[in-house]
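User: I am new to reading protein models. Could you walk me through some features, one at a time?

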Amino acid sequence: MTKKIYTSCTLDCPDGCGIIAHVDNGRVVKLEGHPDHEFTKGYLCAKTYRFPKRLYSPERQLHPLKRANGSIDSPWVRIGWDEALDLVADRIRRFKAETGSLSIMHYQRTGSWGVTKKLNHRFWNLLGGVTTPSGSLCSGAARAGQKLDFGIRLGHDPSDIVNSKLVLLWGRNPLATNLHLVPLLKTVSEQGGRVILVDPVKSESATICDRHVQPRVATDASFALALAKIVLEEGLEDKDFIERHTDGFAKFRTLVDSHSLQSLSDRCGLSIEDLRELAREYATTKPASIQLGWGLNKYKSSAEIFRCVDALAALCGQIGIPGGGVTHGYDTQRLFDKTIEASDRAEFHRAIPEPLLGRGLLEASDPPVRMMFVNGGNPVNQSPNSNLVAKALTQLDFVVVVDSFLTDTTDYAHIFLPTTTFLEEEDALVSWGHNILGGVNPAIDPVGESRSDLCIVQQLADRLGIGEEMAGTPREWLRRVMSPMEAKGVTVDALLDGPIRCPVAPLIPFADKKFPTRSGHFEFISEIEVEQRRDPAFPLTLVTNFSKKWLLSQMTEAEHPKLATVRVGADWAANHGIENGRQMRLRSAVGELVVEVQVDPRVGKEMVIMAVGTWMKRGGGVNILTEDIMTNFGEMAAYGETRVLLEPLEPALAAATRGVDLQMTA
Ligand SMILES: Nc1nc2c(c(=O)[nH]1)N[C@H]1C(S)=C(S)[C@@H](COP(=O)(O)OP(=O)(O)OC[C@H]3O[C@@H](n4cnc5c(=O)[nH]c(N)nc54)[C@H](O)[C@@H]3O)O[C@H]1N2
Ligand SMILES: Nc1nc2c(c(=O)[nH]1)N[C@H]1C(S)=C(S)[C@@H](COP(=O)(O)OP(=O)(O)OC[C@H]3O[C@@H](n4cnc5c(=O)[nH]c(N)nc54)[C@H](O)[C@@H]3O)O[C@H]1N2
Ligand SMILES: [Mo]
């Protein structure tokens, strides 16, 4: 008899799907969408339908591993949990005693958005506090920019998009990254509205858009200012909204006045006629929504870019109205009891900005970092300047990674602890892409000897004298973390029965025109340092985007593409005599990769584009090239500041690379 179990996908994706898992004899045989999930509406993406393959992949690690002779150059050997946990606990004790708890770094990323994952922070805080990462690889600049303007980054509920007559899909590619947004966008067009893609690349999402506007890469601040300038010149601004609900308009006007329309048009590479047409359409079509993505959130001035877009929307009075707004993400975890993280117990604090992880680890002194504990992340692959991060990890005495697969990061680990996936866990999900809360029920028992993150820190806690303070079943912890939610009527038990709308998330943020800013109004940006790195030695901007086929670096080796590929525009290729399919070297100031060049007329000028997530140990790993540069605000990794060069391979190297390719299995 097939059992059907309700659960939610906790992986790092905006859709946060509601799932019904079909289980036969303790084995997941199929996943399907939960029919009553308001956002994901009964269907899943190809990656999630395929997830049982990952669950049962022969590449999945089901036992703790240690290095045969203790050094990362030696092979992995299987060990028992007791030996592994005793060893980790012993090292924690030793480093704490010898060099203090700050000589340990806890690096946790958002591999899973399960609520219980917060308890890892509690564990390290109860131990007195360790070195942690600060800042962000994902949304930092957007959050910082929108906080200044609105007081908080808070998007319109996705269901509100269908109230829009015009949607600007700005630096966002939902067809690849946010599948359940697509039908809502199609509805806008079907109702006679328009959806316009704003992207230096004609991405997959162009197929569902009515128009594609193609600014030059990383010039969106100039683009938005140009639109604002035209709106003001033509008197199309919403004077009432500006007067009653905003602060700093005069200074914004001075900022706009300080640039000529011609110079803004030159910078963003769009004609004044095109800019005028778009400015008029956005200002006079009410309501119009802007859906901002993560593409334009990866440059040094990204926070300012976001602020210029926000300013354009406020200028046109498109804020706080159904079908309007500037939506990026959601303040997902407001209703958590944060005290469960026990931050008051952390006596010691030290943070290394995530975007500068390699440098930060190498430079940390007093005390130096000696041990790193990684869970839910693949920092060697995903941080900028991967080679530097790898080098920094090789200098640590002891690295522990909790994951289900051997990643580029586990190559630098001394101990590997195998963990469960969401299909084997009891948990809850608060998505970052919509306002529906999800329950996570274990569909099956843990595969092999894998254990949940919570179970692992609890068993370490037992060994370190803080067992009692970490004890509790997942459900007990969920009740504690989510007690403010329970006070609003959402019980954990009900959540584990089916998806529930978050009781405090507004459909239309700022509908009352109250903004949690200093002035209580929307605040206009008044200054911007529009700078773009130029380096004649490296003429192209490296844009890194997400592939429709895989999530971040989470693919199996069997699914890994044979060759690292990079796409360049047709004009650029023609001017440089580069034919489609040629193997070349892609080089930046910090690294190089051998890539196959795909000539693609959809790619904009002065840039190349390469997908995030392929593996360094498989000839990929785009972050080998990216420079560790931080945004002006928001401690965000400015991956997009990397400049690159495409150059021919020496004949010898080309032959050698072909050899490597032949060894790779498709
Ligand atoms: N299939 C799949 N889905 C995913 C992920 C995945 O790895 N795979 N990752 C998830 C995560 S963690 C995130 S954060 C989201 C991200 O979701 P998205 O924001 O949709 O993804 P990106 O691919 O980062 O960027 C979107 C677009 O931004 C464009 N872009 C780049 N630079 C600029 C610029 O200067 N200006 C403008 N206007 N556009 C620019 C790119 O060309 C790209 O088409 O996706 C999530 N969903
Ligand atoms: N060049 C470039 N690099 C980028 C970006 C970019 O735009 N350009 N985007 C960045 C963005 S938006 C993001 S969000 C980051 C993502 O960076 P990471 O969070 O490091 O991404 P992943 O590669 O998905 O690594 C997550 C790991 O967690 C594991 N995992 C999944 N669930 C669990 C769990 O429950 N417990 C444990 N212990 N492990 C689990 C997975 O197997 C996987 O190996 O990457 C960033 N990297
Ligand atoms: Mo992300």
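User: Which residue stands opposite Val-568?

Analyst: Val-608 in β26 stands opposite Val-568. A note on the source: this is a predicted model, where local features need pLDDT of at least 70, side-chain atom pairs count only at pLDDT 80 or more, and totals for chains, interfaces and linings use all residues. Residues are numbered from 1 along each chain as its sequence is written, chains are lettered from A and ligands numbered from 1 in the order in which they are written, and side-chain values use heavy atoms, leaving out hydrogens and water.

User: How many bridges join β23 and β26?

Analyst: Two strands pair if DSSP finds at least two bridges between them. Strands (E, at least two residues) and helices (H or I, at least four) are DSSP runs, numbered from the N terminus. Here β23 (residues 565-568) and β26 (residues 607-611) pair over 2 bridges, in the antiparallel sense.

User: In what order do the strands close into a barrel?

Analyst: The order is β22-β26-β23-β25-β24-β27. These 6 strands show mixed pairing.

User: How do I read two packed helices?

Analyst: Two packed helices are described by the angle between their axes and the distance between the axes. Axes are lines fitted to C-alpha atoms, for helices over the stretch in contact, and angles run from 0 to 180 degrees between N-to-C directions. Take α11 (residues 261-268) and α12 (residues 272-284): they pack at about 100°, with axes 10 Å apart. So α11 is roughly perpendicular to α12 (65 to 115 degrees; under 35 is roughly parallel, over 145 roughly antiparallel, the rest oblique).

User: Which residues of α11 make the contact?

Analyst: Contact means heavy atoms within 4.5 Å. From α11 come Leu-261, Gln-262, Ser-265 and Cys-268. They meet Ile-272, Leu-275 and Arg-276 of α12.

User: How many salt bridges does the whole structure hold?

Analyst: A salt bridge is a side-chain nitrogen of Lys or Arg within 4 Å of a carboxyl oxygen of Asp or Glu. A search of the whole structure finds 40. In one of them, Arg-60 meets Glu-424 at 2.9 Å, N to O. The two residues are 364 residues apart in the chain.

User: Are Arg-60 and Glu-424 buried or exposed?

Analyst: Buried means under 20% relative accessible area, exposed over 50%, partly exposed in between (1.4 Å probe, protein chains only). Both Arg-60 and Glu-424 are buried. Now take the salt bridge of Glu-449 with Arg-78, at 3.8 Å. Arg-78 is exposed because its relative accessible area is 55%. Glu-449, at 29%, is partly exposed.
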